[in-house]
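User: Can you walk me through this one? I'll ask as we go.

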Amino acid sequence: MTRSLEKSAFWTGVVDVLPYIVMVVPFATFFGVVAIEAGLSLAQTLSFSIMVIAGASQFAALQLMLDNAAIVFILAAALAVNLRMAMYSAALAPHLGRAPLLQRAIIGYLNFDQSYVLAVAKYEDQPDMPLPSRVAYFLGVSLTIAPLWCLFTYIGAEIGAWIPANLEVSFVLPLAFLSTVAPMLKSPAHIAAAGVSIILALALAGLPSGSGLLIAALCAMVTGVVVETLLERRA
Amino acid sequence: MNYSQFEIWVIIALMAIGTFAIRFSFLGLIGSKRMPPLIERMLRFTPVAVLPGMVAPLVLWPTDAVDGVTLLHLAAASAAVGTAYMTRKVIWGMLAGLSVFFVPVLFDLL
């Protein structure tokens, strides 16, 4: 009985995540193409997608590597892009915190945008869901997305080897970042943060590669919180 | 790119470890502790704080462009931002930006 409950929770997760595949497939393919064009080997490109599974930070690391930034700055900027996932972890903990350690470690590895968004929505919608079903639902979502992420990175890497050299493929990177960020600009505070980030990053472009970006990002985060607080007070 | 093979593997490995540590953080703690509210607030702004600053120089000073930034770069960037903002979908912004940028190049090749 419980086994079949978990099975059905798993498959519900698989079905719920299907619409997100449309986004993951091209993004993974682009990563494969751009990573190969940038000079990574096939094994390095695939390891990136298998071990990190975080699109925006993988693109960020690649871009800073193209700029020959110091390794410390590559790691700092790329991991800063992933810091939002600490928030996902905190949001999932009340729902999944009692699962066995190994299961929580697997959930941690698979804790990315889509799995977090769908799982938290599901758990809040169905507070009575038993713990094993919650874990099964999470795995249904994430184990559908993660293998596709890796498979299409591979396909992209193979395509990348065929793309003519005079195509300016590296411009795909900024286009991917812009498309990722634009839908996140959902309040004046977000827009203010993005504005500060752009202005300071351009102003500090002369600093060693990657370091100006970190200062800009920190100031932008503070700006976001300040603007949000001011707007809340006024309301 | 000027890194040795070893350095590239180090970058990948440290990013994997760091990303896992971030994702596992609160799930790893016993019970369900919350983050300080101010930190949680700041973290919500990380993507909009990091990515625009990263992208601005790439658009204004494109890496591989022989003649520097052209109207085509700016048009493609605007198409990506505008479409993604209006539709709230990453994929449409991506397709709009790519079409503007690569369709003229493909015509050139033919």
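**Domains and the chain interface**

Analyst: Chain A splits into domain 1 (2–160) and domain 2 (185–234), with bounds from an automatic or database domain assignment. This is a predicted model: local features need pLDDT of at least 70, side-chain atom pairs count only at pLDDT 80 or more, and totals for chains, interfaces and linings use all residues. Residues are numbered from 1 along each chain as its sequence is written, while chains are lettered from A and ligands numbered from 1 in the order in which they are written.

User: How many residues does each domain of chain A put into the contact?

Analyst: Domain 1 of chain A gives ten and domain 2 of chain A gives seven, a contact being two C-beta atoms, placed from the backbone, within 7 Å.

User: OK, switching to the chains. How many residues of chain B are in contact with chain A?

Analyst: 66 residues of chain B, against 80 residues of chain A.

User: Which helix gives the most on the chain B side?

Analyst: α1(B), with 18 residues. Helices are DSSP runs (H or I, at least four residues; strands are E, at least two), numbered from the N terminus.

User: And what about confidence, where is chain B lowest and highest?

Analyst: Helix α2 (residues 37–44) of chain B is lowest, at a mean of 82, and helix α1 (residues 5–28) of chain B is highest, at 95. Those are pLDDT values, the predictor's confidence in each residue, from 0 to 100. Chain B has a mean pLDDT of 86, with 89% of its residues at 70 or more.

User: What are the ipTM and pTM of the complex?

Analyst: The predictor gives an ipTM of 0.83 and a pTM of 0.78.
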